[in-house]
Structure formats: C-alpha cells, structure tokens
Amino acid sequence: MGTGRGATGPSRNDRRQQARETARRVREEAARKARRRKIVVQGSVILGIVSALAIVGAVVFGSGPAAVAEAVNPKNMPSGGVRYDGSMTVTPAAALTKGAEPKPTTVALDGKTAHVQIWVDYQCPGCKAFEAQNAEQIEKWLTDGTATLELHPVAIRDIPTNNEYSTRSAAAASCVASSRPEKFWDVNAALFADQPDEANDDGLTNDEILKVFAGAGVSSKAITTCVNEQTHADFVTNATLAATSHPQLKDPIRGGFTTPAVFVNGERYRGAISDPEQFARFVETMVRDAGSGKDLTFPSAR
C-alpha cells in the first residue's frame, strides 16, 4: 500500500475520484464480458457465479491508486474491520495512526471456534441477502462463544447516480464503530434493511443515513458531525484498496474482488448466499478441518 503523494501531486479528492473512476471502468468491462457469455442469474445469488447483471451480482474491482496517507482512522477497526471475539461486544482497539496500514488478524485455531470474516458493501444486494438470512445464526454463535466475527465495510459500488453511497454509508458505519461500538451490530443491520434500490434510487442522503441510525438507537452530535463531514471516507478508500488488491481476497473465478466476500478460518464460502443451513454446514466443516494447535493470520500480511 502506498504512502500518499507530496504537496505537488494529486489532491485527496482527486485520488478518491480516480479510485471511483477505476471502479466504474472495471464494472462496465465486467458487465460487457458477462453479456457476451450470456449468463443469466437464476434464483438465489451464488457466490463465485458471474452475473450478467451488475445490479444483482457482486461487483468486481481491481487494484487502484495509492492509499490516502492522511486518512482519519476510526477506533476499533485496526484490521479495517469491526471485530467480535466470541461475544456480542466489539473488541476495543485504538485507532491506527495516519498512514498506518491495517493489521491482519491472527487467531488461534482450537478445533471448536469458527473465525468468520465478511467484506460487505452497504449498496450490495447480495450482502443484504446474506445478512438477512445469516445474521441470526451468526449472532447465536457469537453469544454462545463458538464463533468470532470480523465485519469489513468497503465501497466498490460507487456510481454517479448513487452519489457515492457505498463510500458514504461505509464511512458512516465507521463513525459508529469508533464512537458507539456497542451499536454497530444494530446499525449494520439497519443499513441493509434500508438499502436503497440501486437501479432506481440515488442513494440515501447523509440526513437519511442519520435517520436510519436514529431508528437503530444511535443519535449524537459527534455521530452527526462525523457522518456529515465524512470523517472516515478516506479510511474506507484505503480499506477498499487493501481488499481489492489483496490476492487472497480475489475471486479466482472472476479474477477480482467481490462482495459479499465471506471466509471461515481463512477459507472462502462459495455456497448459496440465502441458504443459512448450507452456510452452517460449511462453518462446521471448516472448524473440523482446520484442526487445532496453530495460529492463522488472514488475510496474510504482505
């Protein structure tokens, strides 16, 4: 990951715009390739299946420009994600210093615990479908201590017509992670429940995002300021670049990064997004196959 530009280089806004333009070009090329292959989406959205409709499937995003060195990093997200270590309480952590790279998470495999990591975009319909069908059982696993969870908000679905909603919503969620971590789970669910229609809507405004937060029990001057000023937008840009450029997070079938990207003990879930029983079986298998007595760092440090 780069360390930013000098005073004579592109501005922070220029770099963010470059990242979004890169996403747009890659998305359009993926859609053209999908149309040529004449693939039709049927039934549930399946991880690893190339969709002919960019609005239904996950978006592919290639590596982009250098990271924003002056990004303001939130508390409680040192890996780029919010972590729950075997309970419904966010694991506390100081904010990374400006310019610091995310620290990959290392866990101890014990043959009993599922270590779940999910990269999501709040404008992604597949992410919403996965959350709707699997959040209840994931919460149960966290409550009984049989799983840990790391949620990574990223932004790969920014387009002009949604007013950069992916970045704005992920940055807003990061505000909650930083100052009201006990409410992050509720806010995460609320953002998916109120997900705008990607085909017809122009994304929620910041005021509307704040109303969603208020409905989830989060309302404060600090949150309002953080959301309106998009304090953590550059952090989201950095987290997105880190995810889209990491070889372990790229889908080998599609050749790029997709959301939802779901991993258990470092192994990608490729089953049906909307089938909680299939996901539960995958989790059980990954716990059994991982064994115990060793540490896992995922994604690995580069």
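The model is predicted: local features need pLDDT of at least 70, side-chain atom pairs count only at pLDDT 80 or more, and totals for chains, interfaces and linings use all residues. Residues are numbered from 1 along each chain as its sequence is written, and side-chain values use heavy atoms, without hydrogens and water. Helices (H or I, at least four residues) and strands (E, at least two) are DSSP runs, numbered from the N terminus.

**Strand 2**
- Strand 2 (residues 105-110) has alternating side chains: Thr105, Val107 and Leu109 point to one face and are buried (under 20% relative accessible area, 1.4 Å probe, protein chains only; exposed is over 50%, partly exposed in between).
- Strand 2 runs antiparallel to strand 9 (residues 292-298), joined by 6 bridges; pairing needs at least two DSSP bridges.
- Threonine 106 stands opposite threonine 297 in strand 9.

**Cis peptide bonds**
- The bond from threonine 259 to proline 260 is cis, with omega near -5°.
- Proline 260 sits in the loop between strand 6 (256-257) and strand 7 (261-264).
- The bond from phenylalanine 298 to proline 299 is also cis, with omega near -15°.
- Proline 299 falls in the segment after strand 9.

- Glutamate 164 has phi near 60° and is partly exposed at 27% relative accessibility.
- Glutamine 230 has phi of about 50° and is buried, at 14% relative accessible area.
- Glutamine 230 lies in the loop between helix 6 (221-228) and helix 7 (233-245).
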